Amino acid sequence: MGAIVLGLAVNTTMLLIGRFVLGIGIGFASATVPMYIAECAPTDLRGRLVTLNNIFITGGQLVASIVDALFSKDTVNGWRYMLGFAGIPSVIQLIGFFFMPESPRWLIMKGKDAQARKILTNIRGGSNVDSELEHIKQVCEEDRQTLASTGNKIIIWEMLCAGHVRRALIVGCLLQAIQQLAGINTVMYYSATIIKMSGVKNIQMAIWLAAITAFTNFIFTFLGLWLVEKVGRRKLTLYSLAGTCLSLAFLAIGFQLAARNSPSITYHYPSFNASCTKYSSCDSCVTDSSCGFCFDEISGQTINGSCLPVQYNKHIRDEDRSSMGRCNTTNLGGNIVWAYDYCPTSFSWMALVGLIMYLAFFASGMGITPWIVNSEIYPLWARSRGNSISTTTNWIFNLFISMTFLTFTKALTRYGAFYLYAGLAFVGILLLAWLLPETKGKKLEEVEDLFKKPWFDVNIEATT
C-alpha cells in the first residue's frame, strides 16, 4: 500500500503518507522476522538462518540500486517507478505468509502442545523432538510462573526490574544503536551523494557506482553467513567494528586530502556582491548549498575557478546552472564546467575504495550480529517486547543519523563527519568488548543465564 501511494504521489503530503505506511510495515517485519526465525531454528543453525534474512535484505537493496540506476535517465517519472516497484516483493512476501506455521515456542506458551509438536517435527524433518519439546515446555512453564507472579504489571516494567533481562535489553539496544552510529545507513542512503561529493561529476555514473557498493554489501553478507557459526557472534562483531572504524578513517582521509588540494577561486566578478564571494576554494564554495563552482577544464587542469550563486526559479533551486556569470546556462560551451555539489579532484577513487572497504567489514559482521543476538538473548515472556524495543532503538538512531548527515558535512566538514562516525565506532568497540557475551552454540533457554552474571564476567567462549 505504501509503495502504491509513493508511486502515485502528486505532492509532498502523499509522499510523507506513503513513506509512513511503508515504514510501519518495515518496522513490523524488522522486529518479528529475526525473532521468528530464531524460535524455529535448530541451535547449530540459528545464526546462519537469521543471517539469511539479512542476505535477502541486502539482495533487495542491490536490486533496488540497479532499478534506480536504470530509471535514473527518466528525469520526469523515473522516481515513480523506483518507489512504486517496491510493492512487487511486498505482495510476494504477503502470499508467503499464508504458508508459514506459528512458532512452536509461541504455541507452547499458549498451551497448544499438540500443534507445537506437529510443527516442530515438520521443521526438524521428522526427527525425534521429545527432548527439545520437553526443554521448551519446562522453560515456558517457568516463564508462565514469572508472569503470574507479576500480576497485572506492565511487561516492560518487569523487564527493567529483572536484572538479567535488563542487562540483556541494554546489550540488545546498544548493539542496534552502535550499528546505526557507525554510519551504515548514511552510506546506504547517501552512497551516490558521497560518491558525487568525492568528485564524480556525472550523477548517473554516481548512481551506478552506488550499485557497486550495494553489491559489496550483498556479497559480504554471505561471508558473515559462514563466519557467524565459525568464530561466534562476539568476535565477529568486534572484528567487524574494528574494520568499519578503519574504513571510516580511510574515507575521512580521502575527503580531507581532497579538501586540502581543492582548486582555488581565482576569478571574481567585480560587480557581483553576494555571500558566495567570500570563499577562497572550491571545497568551501560547494559546502554552501546556495553556491556552486564554475571553472574551465583544460587538459585535466582546473583554471579560472569562480564561486557563483545557484539559480532559483520560483523559490525552487535549479542546481544545473548559476544565476549569473559563465555558468548561467545548461548548455555550457567549450571547456566550461559547472560543479554544484562536488569539486574536481584526483582523490575520487578513495571514496569508492573506502565505501567498498566499509561495507565489506560491516556487512560480514555488524550488519547481521545485532539482529542475531537480539533474537537470542531474551526469555520467551520478554522476547517480543525486547525485540520491539531494540528494533525501535535501531530505527530511532537510523532516523537521527540519516537526518543529520548533510548537516554534519557542513558543520564539521565532509571529512569531519566521517571522523565522527569512526570515533563512534571505536567507542562501540570498547563498550561491546566489555558487555557482549558469546551466545554461539547455546540453546535459547541457556542464553538467559549469561546475563545473570556480573557485567565484568563476560562469557567470551561459546560452549562446544
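What follows walks through the fold, surface and salt bridges of a predicted model. Local features were kept at pLDDT of at least 70 and side-chain atom pairs at pLDDT 80 or more, while totals for chains, interfaces and linings use all residues. Residues are numbered from 1 along each chain as its sequence is written, and side-chain values use heavy atoms, with hydrogens and water left out.

Starting with the overall picture, the chain has 19 helices and four strands (DSSP runs numbered from the N terminus, helices being H or I of at least four residues and strands E of at least two). Its C-alpha trace spans about 85 × 50 × 40 Å along the principal axes. Of the 464 residues, 48% are buried (buried is under 20% relative accessible area, exposed is over 50%, and partly exposed is in between, with a 1.4 Å probe and protein chains only). Among contacts (heavy atoms within 4.5 Å) with a separation of 6 or more, 69% join residues 24 or more positions apart.

A nonpolar patch of about 790 Å² is built from Val91, Leu94, Ile95, Phe97, Phe98, Phe99 and Met100. Patch members have over 30% relative accessible area and no salt bridge, with like charges joined within 9 Å and nonpolar side chains (Val, Leu, Ile, Met, Phe, Trp, Tyr) within 5 Å. Phe99 sits in the loop between helix H5 (87-97) and helix H6 (104-109), and is exposed at 69% relative accessible area.

Ser262 is also in a loop, this one between helix H13 (233-260) and helix H14 (282-287), but it is buried at 11%. Leaving aside residues up to four places away in sequence, Ser262 touches Ser281, Cys282, Asp283 and Cys343. Its C-alpha atom is 9.8 Å from that of Ser346, 84 residues apart along the chain.

As for charges, the structure holds eight salt bridges (a side-chain nitrogen of Lys or Arg within 4 Å of a carboxyl oxygen of Asp or Glu). One of them pairs Arg117 with Asp130, with closest N and O atoms 2.6 Å apart. This pair links helix H7 (residues 113-123) to helix H8 (residues 130-150). Arg117 is partly exposed at 34%, and so is Asp130 at 35%. Within helix H8, Lys137 and Glu134 meet at 3.7 Å, N to O; being three residues apart, they are separated by about one helical turn. Arg317 and Glu319 form another bridge, at 3.5 Å, N to O. Finally, shared partners join Asp113, Glu134 and Lys137 into one salt-bridge network.

Technical notes. Areas by Shrake-Rupley, 256 points an atom, 1.4 Å probe, with all protein chains shown as cover.
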